[in-house]
Amino acid sequence: MKIISVSNIKGGVGKTTTAAVLAVGLAEKGYKVLMVDSDPQANLSMCFMQEQPDEIPSLYHVYSEQKHIEDVKTRIKDRLDIVPGDFSLCNADIQFFKAGRLRMLQRAFKRLKTGYDFVVIDTPPNMGILSLNAFFASNYVIVPAAVDSFSLKGIRLLKETIDDVSEEAEKELPVAGILLTKYNSRTKVSKLLEKSLNSAATLLDTELFKNRIRQAVVVQESQIAKEDLFSYSPNAKVAEDYKGFIDEFLERTGA
């Protein structure tokens with residue numbers, strides 16, 4: 001089972017969209033996939049679920065040890081399940097920041113009875129207890145970066161956090177790559193950003209994914225319709241972008 005954290009300290013970079021489309025794309029390739037919504041905003045959950053996430057058992061109940069992770073997951077479609085998040089996770093840094101609490105999610109995954117090929121975690125846009133738990137449990141990190149909101153300073157913080165986690169966990173936590181989102185190759189800012197991102201990728205000991213994700217309104221439309229992108233608009237160019245990215249990710253990680 002390979003566990004992937006999708007992370008960026010900046011908001012509005014397509015983090016949740018990337019986590020959702022990656023999970024669906026892997027499931028469509030025949031892998032058994034579990035999505036974990038570790039963001040208190042619960043946007044990943046709301047992309048797929050009709051019920052409000054705070055009305056059903058969630059990741060919060062796993063952290064508070066009220067339920068096992070096997071008991072809170074919900075089937076989304078064939079080969080794809082989700083552990084929903086909810087607003088209660090907003091207090092996670094206060095409620096769960098105690099000795100030994102950095103491995104709670106890792107221990108929860110070990111209790112899974114269902115065999116998954118991949119777990120995809122949508123992390124919050126900060127380096128708090130929820131992100132740290134995700135990193136301790138993960139085999140890889142994917143960093144989405146939008147052309148209108150990238151910060152090299154944020155990458156440095158991410159690098160420091162990953163280094164600390166690697167040292168504490170006594171294992172390497174590789175960044176599989178930086179994924180350019182909301183990309184427009186015709187603008188000067190996109191081309192300028194690539195230069196900064198190449199520097200950031202070097203800092204993280206990784207590379208930019210060759211596939212870029214262009215900005216497209218069908219992404220937001222699919223989320224409002226609570227349909228995955230590949231079902232909602234399978235022939236959209238942005239869907240092709242994501243398919244290329246998923247193939248590239250699998251090649252990089254040797255899956």
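Helices (H or I, at least four residues) and strands (E, at least two) are DSSP runs, numbered from the N terminus, and Thr17 has its place in one of these, helix α1. This is a predicted model, in which local features need pLDDT of at least 70 and side-chain atom pairs count only at pLDDT 80 or more, while totals for chains, interfaces and linings use all residues. Residues are numbered from 1 along each chain as its sequence is written, and side-chain values use heavy atoms, with hydrogens and water left out.

**Helices α1 and α11**

- The axes (lines fitted to C-alpha atoms, for helices over the stretch in contact, with angles from 0 to 180 degrees between N-to-C directions) of α1, residues 15-28, and α11, residues 237-253, come within 10 Å and cross at roughly 75°.
- Contact means heavy atoms within 4.5 Å, and on the α1 side Thr17, Thr18, Val21, Leu22, Gly25 and Leu26 meet Tyr242, Phe245, Ile246, Phe249 and Leu250 of α11.
- Thr17 counts as buried because its relative accessibility is 13%, where buried means under 20% relative accessible area with a 1.4 Å probe and protein chains only.
- Not counting residues up to four places away in sequence, Thr17 touches Val219, Gln223 and Tyr242.

**Nonpolar cores**

- A nonpolar core is a set of buried Ala, Val, Leu, Ile, Met, Phe, Trp, Tyr and Cys residues joined through side-chain atoms within 4.5 Å, and the largest one here has 39 residues, with Leu22, Val120, Tyr242, Phe245 and Phe249 having the most contacts inside it.
- Helix α1 supplies the largest share of this core, 8 residues.
- Apart from this core lies another, of 25 residues, including Val72, Phe96, Tyr116 and Ile121.

**The β3-β4 hairpin**

- Strands β3, residues 74-77, and β4, residues 80-83, run antiparallel and are joined by 3 bridges, with Leu80 as the bridge partner of Lys77.
- The hairpin that they form has 2 residues between the strands, and Arg79 in the turn has a positive phi of about 70°.

Technical notes. Pairing = 2+ DSSP bridges. Buried < 20%, exposed > 50% of the residue type's maximum accessible area, 1.4 Å probe, protein only.
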